[in-house]
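Subject: The structure we talked about

Hello,

Here is the structure I promised to pass on. Please have a look at it first, and then read on for what turned up.

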Amino acid sequence: MGGSGMYPYGSTSAVRGHVLAALGVLKVATADQIHRLMAPGHKDNKAFRNACLDLARHGIAVSEGSARDGGKLWSLTPLGLDAAAEVLDRPVGEMGGTARGAARSGASHAMAVNETVIAITRTPATATRPVPRQQPAPKALPAPEPAPGLVLEAQGMGWIGSWSTEVPLNLPTSRGNRAGVRADAVLQAPEAGLPVLFVEVDNCTESADTLAAKFEKYLRYFRLKSKNPLGSESPVWRTQYPTTGREGHPPVVVVFNPGTRTGPQALKNRMNTVMELTRLVWSGSNHGAGGGYGAEERDGYYDYADAIPLLFTTLDRLHTSGPREAVWWRCGHGQWETLPDALANPADRDAWYARDEQRRRQRDEERERQHQEWAAERERWTQEPDPEPGPAPEAAPCERCKEPITGPLGYDLEFAPPQDGRHCPSCRTDLRQQYPTLRQALFGRRPRSK
């Protein structure tokens with residue numbers, strides 16, 4: 001495609017808009033990264049290289065170095081930031097500064113941040129071939145073939161306008177505000193269930209202690225309160241970002257990019273070290289509680305109101321599987337999960353209420369079942385006829401008179417001697433009235449053994 005006097009490299013306004021939007025967010029990037037982030041359906045990155053060259057002729061873009069892979073690094077001038085703000089429909093004050101000097105050292109960290117944004121966004125490869133104006137007959141157009149090696153099959157999250165990079169999170173001091181921590185990137189994609197997500201990219205070049213210290217600064221920032229005109233307090237971060245809809249502070253994810261410097265076991269050790277050093281940041285506080293309907297059932301919950309959901313992942317996992325697969329490791333969960341599962345709090349107060357409600361329903365169901373069984377038993381008893389009385393057992397005969405030992409019917413037992421199990425009442429009376437023998441008179445009557 002031939003150029004013009006204003007744009008001699010032949011770039012189109014659409015591609016220049018892609019470049020301005022990408023550099024307005026990423027600050028510094030290669031033409032290949034802009035191509036993969038903005039329009040991977042293009043055959044190659046030549047159109048984006050030409051657009052960068054055309055923008056450079058107008059003082060909008062500038063190249064001050066190359067990445068470690070040899071690709072030329074591009075950034076915007078102050079005039080370019082104004083143009084990018086118009087493309088992104090953002091206030092100029094929110095665009096941040098230019099990336100002057102970053103390209104001179106290869107911008108290895110910025111390149112990793114860019115790759116993270118590309119891997120999470122995963123812009124679909126849409127059709128880019130021009131459609132002829134004259135068609136002999138209306139017919140369905142063949143599906144465009146995406147560029148080889150650049151197909152992003154898995155669905156991503158957000159778009160370029162959902163991102164911000166190098167975002168300062170200010171802390172108040174006696175001399176005004178200072179950046180307590182600078183987030184590598186911030187994603188706002190409510191359509192993907194992410195009102196706000198803070199992203200830290202780790203190239204595994206600094207110590208684990210230095211990386212863990214960043215999250216204490218995050219916690220101090222999230223704890224900041226400000227008063228609204230009505231006098232009530234609310235978190236400062238809520239003045240800049242929407243609520244997450246979950247208990248606790250906004251989530252923070254660490255994207256590890258070990259490259260060839262760190263092996264799998266060393267990366268695992270680094271993750272475990274950072275997780276242990278930040279335990280007070282993400283663990284929450286444990287609150288023991290009774291089961292609610294019985295002391296034998298002890299239960300409790302974790303309060304995450306002052307905890308940061310801290311997630312781990314790797315750049316390789318994001319590139320390979322995409323952000324919607326089980327590539328997220330939530331500190332405290334102990335397994336790789338999808339993002340909604342990783343952000344959930346299965347041990348929080350709401351989950352405890354749900355378990356307690358389940359226990360209550362189970363007890364109610366058990367009580368109702370018992371009532372139904374008792375009612376059925378009572379109904380069975382009322383319907384069954386009374387059993388006929390059986391024959392009365394025959395009384396044992398008296399040893400003396402051979403009459404029933406209980407005595408004749410109607411005999412008054414009140415004046416009869418006590419039962420001895422051998423004689424009827426009449427015989428017991430007769431025996432009591434007999435004169436005692438000499439031995440009985442001397443030694444008393446002794447009861448005979450039965």
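In which helix is F443 found? F443 is in helix α13, which covers residues 438-443. Helices here are DSSP runs of H or I with at least four residues, strands are runs of E with at least two, and both are numbered from the N terminus.

A word on the source before going further. This is a predicted model, where local features need pLDDT of at least 70 and side-chain atom pairs count only at pLDDT 80 or more, while totals for chains, interfaces and linings use all residues. Residues are numbered from 1 along each chain as its sequence is written, and side-chain values use heavy atoms, with hydrogens and water left out.

**The chain as a whole**

The chain has 13 helices and 14 strands. Of its 450 residues, 40% are buried; buried means under 20% relative accessible area, exposed means over 50%, and partly exposed is in between (1.4 Å probe, protein chains only). The accessible surface comes to about 26600 Å², and carbon and sulfur atoms account for 52% of that. These areas come from the Shrake-Rupley method with a 1.4 Å probe, and for residues only the protein chains shown count as cover. Taking contacts (heavy atoms within 4.5 Å), 58% of those between residues at least 6 apart in sequence join residues at least 24 apart.

**Back to F443**

F443 counts as exposed because its relative accessibility is 63%. Together with L438 and L442, F443 forms a nonpolar patch on the surface, with about 400 Å² of accessible area for the three together. Patches are made of residues with over 30% relative accessible area and no salt bridge, with like charges joined within 9 Å and nonpolar side chains (Val, Leu, Ile, Met, Phe, Trp, Tyr) within 5 Å.

Strand β6 (residues 194-202) holds E200, which is buried at a relative accessible area of 1%. A polar atom of the E200 side chain lies 3.5 Å from the backbone nitrogen of D184. Leaving out residues up to four places away in sequence, E200 touches R182, A183, D184, K214, Y218, V252, V253, V254 and V255.

Aromatic pairs are rings of Phe, Tyr and Trp (its six-membered ring) with centres within 6.5 Å; planes under 30 degrees apart count as stacked, over 60 as edge-to-face and the rest as tilted. By this rule there are nine aromatic pairs. In one of them, the ring centres of F198 and Y218 are 6.0 Å apart and the planes are at 70°, so the pair is edge-to-face. Because F198 lies in strand β6 and Y218 in helix α6 (residues 208-223), this pair ties together parts that are 20 residues apart in sequence. Both F198 and Y218 are buried.

The rings of F256 and F312 are also edge-to-face, because their centres are 5.2 Å apart and their planes are at 90°. This pair links distant parts of the chain, with F256 in strand β9 (residues 252-256) and F312 in strand β12 (residues 310-314), 56 residues apart. F256 and F312 are both buried. There is also one aromatic cluster formed by F198, F215, Y218, Y221, F222, W237 and Y241.

**Salt bridges**

How many salt bridges does a search of the whole structure find? It finds 14, a salt bridge being a side-chain nitrogen of Lys or Arg within 4 Å of a carboxyl oxygen of Asp or Glu.

- R270 and D202 meet through their side chains at 2.8 Å, N to O. The pair links distant parts of the chain, R270 in helix α7 (residues 264-277) and D202 in strand β6, 68 residues apart. R270 counts as buried at 12% relative accessibility, and D202 counts as buried at 2%.
- E373 and R369 meet at 2.5 Å, N to O. They are separated by about one helical turn because they are four residues apart in helix α11 (residues 349-383). E373 is partly exposed at 43%, and R369 is partly exposed at 37%.
- D32, R36 and E115 are linked in a network of salt bridges.

**Helix α2**

Is helix α2 (residues 31-38) mostly covered or mostly uncovered? Helix α2 is mostly covered, with seven of its eight residues buried. The buried ones are A31, Q33, I34, H35, R36, L37 and M38. Their cover includes α1 (13-26), β1 (28-30), α3 (46-57), β3 (72-76), α5 (108-121) and α9 (315-321).

Definitions and conventions:
A polar contact is a pair of N or O atoms within 3.5 Å; within protein, one must be able to donate a hydrogen and the other to accept it, and residues adjacent in sequence count only if both atoms are side-chain atoms.
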